[in-house]
Amino acid sequence: MAIVTTSSKPVAINPLKQSQPLGAALAFLGLKGIIPLMHGSQGCTAFAKVVLVRHFREAIPLSTTAMTEVSTILGGEENVEQAILTLVQKSKPEIIGLCTTGLVETRGDDMERFLKDIRQRHPELDELPIILVSSPDFKGSLQDGFANAVESIVKELPQKSDKQNPCPNQVTILASSAFTPGDVQEIKEIVTAFGLKPIVVPDLSATLDGHLEDSYSPITASGTTLKDLREIGNSAFTIAIGESMRGAAQILEQQLSIPYEVFSELTGLESVDKFLQALADISGTEVPEKYRRQRRQLQDAMLDTHFYFGCKRVSLALEPDLLWSTVHFLQSMGTQIHAAVTTTRSPVLEKLPVRNVTIGDLDDFEQLAIGSDLLIANSHGVAIAKRLGIPLYRQGIPIFDRVGNGQFTKVGYRGTMQLLFDIGNLFLEEEESKVHHNRDLEIKSKELL
């Protein structure tokens, strides 16, 4: 059991976390035909857009209600109404994801009343789903905003099935912000291999995986369709991946009586074994042979790399869900967690098998990470790694000094192998550099003598 402490500093010196609106917008980008609309100033939307564009290197559709000083004082209903009507006229979205920001949350705008009044004045909007999510950026983090958006989606869009029996081979997959588009694609392939039909919410693998569309679209050209979202009521089971998705899974259970199971991580031999066994139980089929072979490959990879992981001290600065899965994976390989820093409260933090977890910033991380053999953080950790002289493995959002973030995979047997090799090679390079350094010192000392 970990002791969770919160940094007592009055300010964040070197921020680690990303905002809730950014997380909510990221979740909405996994739906087809949507455009996220941020109710706030233009700067809020511009900041989120820059972060996502730099990380995924893709065009990101985002819009704003463009609140000004005057509209902030007098009220933002007119801005919301005009923004929605403009989007409908010019972009023709199938769904609009409306995210609040710290500006309007502080002011106290009654967003539900706004939407109700707007729909009364414009009956042409009756068939357009507008998903509202409260995502103030003065509290919480990207993971909270992402989870809140998914909860709003499953609360608003799925319809109850008219059938007495659900579709036995259809399952709903709720994937948290800890999973990349490449992760989601791997999860879909694994589930499909068992003869099951997955409806992934949100399906980032269809929108942010890095592919060229035939033509430009101001809205997302692919992702989870509105039809699929309506069909969630026919699913036989819900698989929530990441503890932050538990709330959305519980909503589906309460509203549609769909049973669920939460998998906190899909990285590592044991966790992938449990996931595949669950799929085998749901589908009534055996684990496909290709995954049996991948399991044997992973076992061999673990044997090849465990020499480099054993007793190494690793410090991490990640969102809670990603921190949980990475810590468990590293400990399964014999590493020691030297320091753990995260962004926001989560039920998993107290359960982490480490001594202490700090909710803080990268300044806290730099102080706690002294003496580590490896750092794991986003690209903002590069300067810290250089100052401490410790190698950095990049995880989380944003990663702006590497390409291929949309395709990176760390789940399943194949993803775990890739993670093993990537981190193992970092340890190997560091050991070789130390050997060369000691050899150079020895040669210099002999020359002096």
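Me: Is Arg 246 buried, partly exposed or exposed?

Reply: The model is a predicted one. Residues count as exposed over 50% relative accessible area and as buried under 20%, with partly exposed in between. Arg 246 has a relative accessible area of 30%, and is therefore partly exposed. Its side chain meets that of Glu 243 in a salt bridge, at 2.6 Å from N to O. Glu 243, by contrast, is buried, because its relative accessible area is 12%.

Me: How many salt bridges does the structure hold?

Reply: There are 22 salt bridges in the structure. One of them is formed by the side chains of Arg 295 and Asp 273, with an N to O distance of 2.8 Å. Arg 295 belongs to helix α12 (residues 289-309) and Asp 273 to helix α11 (residues 269-283), so this pair ties together parts that are 22 residues apart in sequence. Both residues are partly exposed: Arg 295 has a relative accessibility of 28%, and Asp 273 one of 23%. Salt bridges may also share partners, and in this way Glu 77, Glu 81, Arg 113, Asp 117 and Arg 121 are joined into one network.

Me: Which parts of the chain does the salt bridge of Glu 189 and Arg 414 link?

Reply: The side chains of Glu 189 and Arg 414 meet at 3.4 Å, N to O. This pair links distant parts of the chain, with Glu 189 in helix α8 (residues 181-193) and Arg 414 in helix α16 (residues 412-448), 225 residues apart. Glu 189 is partly exposed, at 33% relative accessible area, and so is Arg 414, at 41%.

Me: How should I read a pair of aromatic rings?

Reply: The description of such a pair rests on the distance of the centres and the angle of the planes. In this structure, a search of the whole model finds three aromatic pairs. For Phe 263 and Phe 275, the ring centres are 5.3 Å apart and the planes stand at 85°, so the pair is edge-to-face. Phe 263 lies in strand β9 (residues 260-263) and Phe 275 in helix α11, and the pair therefore ties together parts twelve residues apart in sequence. Phe 263 and Phe 275 are both buried.

Phe 309 and Phe 329 also form an edge-to-face pair, at 6.4 Å centre to centre and with 80° between the planes. Here Phe 309 in helix α12 is linked to Phe 329 in helix α13 (residues 320-332), 20 residues apart. Phe 309 is buried at 0% relative accessible area, and Phe 329 is buried at 2%.

Me: Which residues do the ring pairs link into a cluster?

Reply: The cluster consists of Phe 309, Phe 329 and Phe 427. Lys 312 lies over the face of Phe 427, at 5.3 Å from the ring centre. Elsewhere, Arg 54 lies over the face of Phe 400, at 4.2 Å from the ring centre.

Me: Which residues form a nonpolar patch on the surface?

Reply: Val 70, Ile 73 and Leu 74 form such a patch, with about 360 Å² of accessible area together. Leu 74 is placed in helix α3 (residues 69-74). Its relative accessible area is 69%, so Leu 74 is exposed.

Me: Where is Tyr 216 found?

Reply: Tyr 216 is in the loop between β7 (197-201) and α9 (226-230). With a relative accessibility of 71%, Tyr 216 counts as exposed.

Key
Residues are numbered from 1 along each chain as its sequence is written. This is a predicted model: local features need pLDDT of at least 70, side-chain atom pairs count only at pLDDT 80 or more; totals for chains, interfaces and linings use all residues. Side-chain values use heavy atoms; hydrogens and water are left out. A salt bridge is a side-chain nitrogen of Lys or Arg within 4 Å of a carboxyl oxygen of Asp or Glu. Helices (H or I, at least four residues) and strands (E, at least two) are DSSP runs, numbered from the N terminus. Buried means under 20% relative accessible area, exposed over 50%, partly exposed in between (1.4 Å probe, protein chains only). Patches are made of residues with over 30% relative accessible area and no salt bridge: like charges are joined within 9 Å, nonpolar side chains (Val, Leu, Ile, Met, Phe, Trp, Tyr) within 5 Å. Accessible areas come from the Shrake-Rupley method with a 1.4 Å probe; for residues, only the protein chains shown count as cover. Rings of Phe, Tyr and Trp (its six-membered ring) pair if their centres lie within 6.5 Å; planes under 30 degrees apart count as stacked, over 60 as edge-to-face and the rest as tilted. A charge sits over a ring if NZ of Lys or CZ of Arg is within 6 Å of the ring centre and within 35 degrees of the ring normal.
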